[in-house]
Amino acid sequence: MSKLHIKKGDTVYVNAGEDKGKTGRVLRVLVKDNRAVVEGINMVSKHTKPNAKNPQGGIVKMEAPIHISNLNVLDPKSNKPTRIGRKRNEAGVLVRYSKKSGEEIK
């Protein structure tokens, strides 16, 4: 299985779909489905029954997963969407870097 260009905690730009042009932080990555849950992106209404956490029940707004092909990581230097590459740093550790600026991504 190939590695994904997105990790939990990354700030990403949405380049397709209803929320095109918005940015958000990745909350969760679903590797098996090639999807990610992004804060404030792809909001859906979920109907919930009353339970201990939500005694009233009702309609709850929550983020739904979005396909990772519709996401681009933001360049740490210019804060614009960029593609991701992988290379070994001085310590010999494989790191992700921005193809636009060449800057290492955390």
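## Strands and how they pair

Two strands count as paired if DSSP finds at least two bridges between them. Strands themselves are DSSP runs of E with at least two residues, numbered from the N terminus.

The model is predicted, so local features need pLDDT of at least 70 and side-chain atom pairs count only at pLDDT 80 or more, while totals for chains, interfaces and linings use all residues. Residues are numbered from 1 along each chain as its sequence is written, and side-chain values use heavy atoms, with hydrogens and water left out.

## The six-stranded sheet

Let us start with the order of the strands. An open sheet is built from six strands, arranged β6-β3-β2-β1-β7-β8 with antiparallel pairing. The edges are taken by β6 (66–67) and β8 (81–82); each has a single partner strand, so one side of each is left without a neighbour in the sheet.

Antiparallel to strand β2 (residues 23–30), β1 is joined to it by three bridges, and threonine 11 stands opposite arginine 25 in β2. Three bridges also link β1 to β7, again antiparallel; here valine 14 faces leucine 71 in β7.

## Two hairpins

Four bridges hold β2 and β3 together in the antiparallel sense, with arginine 35 in β3 as the bridge partner of leucine 30. These two strands form a hairpin with four residues between them, and asparagine 34 in its turn has a positive phi of about 55°.

A second hairpin is made by β7 and β8, this time with six residues between the strands; its turn contains asparagine 79, which has a positive phi of about 60°. Strand β7 (residues 71–74) and β8 run antiparallel and are joined by two bridges. Valine 73 has threonine 82 in β8 as its bridge partner.

## Inside the fold: the core and two residues

Which residues touch the most other members of the largest nonpolar core? Among its 14 residues, they are Ile6, Val12, Val26, Val38, Ile66, Leu71 and Val73. Two or more residues of this core come from each of β1 (11–14), β3 (35–38) and β7. A nonpolar core here is a set of buried Ala, Val, Leu, Ile, Met, Phe, Trp, Tyr and Cys residues joined through side-chain atoms within 4.5 Å. Buried means under 20% relative accessible area, exposed over 50%, and partly exposed in between (1.4 Å probe, protein chains only). Leaving aside neighbours within four places in sequence, isoleucine 66 is in contact (heavy atoms within 4.5 Å) with Val14, Asn34, Arg35, Ala36, Val38, Ile41, Asn42 and Leu71.

## An exposed isoleucine

Isoleucine 59 belongs to strand β5 (residues 58–63). With a relative accessible area of 58%, isoleucine 59 is exposed. Isoleucine 59 and leucine 27 lie 32 residues apart in sequence and 21 Å apart in space, C-alpha to C-alpha.

## The three-stranded sheet

Three further strands make an open sheet in the order β9-β10-β11, paired antiparallel. Its edge strands, β9 (84–88) and β11, each pair on one side only. Between β10 and β11, which run antiparallel, there are two bridges, and arginine 96 stands opposite isoleucine 105 in β11.
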